[in-house]
Amino acid sequence: MEFGEQAIAKTVMDFLHSTPPSLLILSTVALASIIFVLVAKIFSPGRGKNLPPGNLGLPVIGETIGFLNALKVDQCDKWVADKVATYGPVFKTSLMGCPTAVLTGQAGNRFLLQNDYNTIINKQPTTFVRIFGSKNINELFADEHKRIRNAIMTFMKPEALQKCVGRMEGVVKEHFAEHWEGRDTVLAYPLMKQLTFQVASDLLFGLKDPKERQILNTESITLMKAIWSVPLNLPGTTFNKGLRARGRVVKRLSSLINLRKREIAEGKVAPDQDLMSWLITLKDENNNSLTENEIIDNLIVLMIGGHDTTAVLLTQLVRFLCLHPDIYKNVLQEQTEVLAGRQRNGALAWEDVKKMEYTHKVVYEALRMVPPVFGGFRVTVQDVQYKGYTIPKGWQLFWETSTTHSDERVFREPTKFDPSHFDDKTPPYTFIPFGGGARLCPGYDFAKMQALIFVHHLVSTYDWSMLIPDEKMVCEPLPVPSKGLPIKIRARKN
């Protein structure tokens, strides 16, 4: 036995001395990969279970790179469709460092979006948690989730937003006066990001300082890119840049919170002036306040969700109304009627917004055709049975919008932009641009109201045409025109 060990040791040493360094490195990597795959198979939570069909891809990385590449060129719908064509409506893959089951169609949406707390929780990938923070609403469940959601929804629900119409319209009018008036051409998408961040800064943070707004806007772009990235925290990586940006944002928000607390205590700011003030002063039934971490993490979520996704929606509305002059004409007619009937010295009121029924359908159709968010993650807390397959405890689950949004059984001629798709109520869990169930995005109504007010002033004030009619879409990581949607504008004659 001793002789055998010495012989093995000598053989290994001879190999190490005689093998070129480059080949040695490749051999080591190959051996490590083989060992990793074998260990993963031996200890896999799905071993011996009837898993969904599919491919987990490479160790650790899985199929993340292919998914992110498809996302980058706005081809995630094709990525999913190809998988469904090969494996069926439920398939396995590995995304963002975790084995994942993708559930498609109305049944998959219903299963994931109404199934919360007991068997499935809203656990996000590492990138989401590290950037948004562990106390953000998307990471919480059960009583914690209800507590934070109720706090946000008290400020964001339609009844509460009614009093914000004037403030939101004021920001929109200021934006048009500053960035559109007197110009022949504008770059629509960057301007939509400025507008939506300005609205979010005003109504969510009460932040008026343009310099401070610009700093947070720039940081939010870095955060958004890091969310949909490979979770490698190495210098120079997208994820690492996002983590450092989060640190800077946390410091700024902490300073703003401390300043706001003093302003509220001195009576300079009303507790319901903006969402930040509301969250600072809110007490639960036990007279407990939200912690600073809870406030900061959820403000970061709303800062990104409240302006990035809405900027995508507004950009697509500019684009679709230009591409479909018949629909533009109908919207213009409706908004002209609203304009003629406005009360209160010409300012928009909640009653005016409710009259925009056709425009509302146009907004929905833009969200159907180009949903700002492609899908979302869940995690199983125990083995889950779905369509005869076992999805093991600890696996990710992924819901996505494209399958039902393009289902011709739900939306006739689904590739056609047609607001009449929403003449009738859509079947449950088929139209999900902001999720659904208990996890429906709390800023949904906020985004819709902003879109309606924006379209009102856009079509009432300007005619426009696209300078690049066939401009391609890319994802950064949200779907946007590759050149920023340059348009030629002309002020309408009253």
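Guide: Here is a quick tour, from the whole chain down to single residues. This is a predicted model, so local features need pLDDT of at least 70, side-chain atom pairs count only at pLDDT 80 or more, and totals for chains, interfaces and linings use all residues. Residues are numbered from 1 along each chain as its sequence is written, and side-chain values use heavy atoms, with hydrogens and water left out.

Visitor: How many helices and strands does the protein have?

Guide: There are 20 helices and twelve strands. Both are DSSP runs numbered from the N terminus: helices are H or I with at least four residues, strands are E with at least two.

Visitor: And what share of the residues is buried?

Guide: Buried residues make up 51% of the 494 in the protein. Buried means under 20% relative accessible area, exposed is over 50%, and partly exposed is in between (1.4 Å probe, protein chains only). The protein exposes about 23300 Å², with carbon and sulfur atoms supplying 56% of that; accessible areas come from the Shrake-Rupley method with a 1.4 Å probe, and for residues only the protein chains shown count as cover.

Visitor: Tell me about S8. Which strands pair with S8?

Guide: Strand S2 (residues 98-103) pairs with S8 in the parallel sense over four bridges, while strand S5 (residues 375-380) runs antiparallel to S8 and is joined to S8 by five bridges. Two strands count as paired if DSSP finds at least two bridges between them. Trp-399 in S8 is the bridge partner of Leu-103, and Gly-376 also stands opposite Trp-399.

Visitor: Are the faces of S8 covered or open?

Guide: Covered, on both sides: Gln-396, Phe-398 and Glu-400 are buried on one face, Leu-397 and Trp-399 on the other.

Visitor: Now salt bridges. How many does a search of the whole structure find?

Guide: 20 in the whole structure, where a salt bridge is a side-chain nitrogen of Lys or Arg within 4 Å of a carboxyl oxygen of Asp or Glu. One of them joins Lys-83 and Glu-63 at 2.8 Å, N to O. That pair links distant parts of the chain, 20 residues apart: Lys-83 is in helix H4 (residues 76-87), and Glu-63 is in the loop between helix H2 (21-43) and helix H3 (64-72).

Visitor: Are Lys-83 and Glu-63 buried or exposed?

Guide: Lys-83 counts as buried at 11% relative accessibility, and Glu-63 counts as buried at 14%. Take Glu-266 and Lys-268 as another pair: their side chains meet at 3.1 Å, N to O, and both residues are exposed.

Visitor: Where does Ile-137 lie?

Guide: Ile-137 lies in the loop between helix H6 (126-132) and helix H7 (142-156). Ile-137 is buried, with a relative accessible area of 5%. Leaving aside neighbours within four places in sequence, Ile-137 has contacts including His-145, Arg-149, Asn-298 and Pro-442. The C-alpha atoms of Ile-137 and Arg-149 are separated by 6.7 Å, and the two residues are twelve apart along the chain.

Key
Contact means heavy atoms within 4.5 Å.
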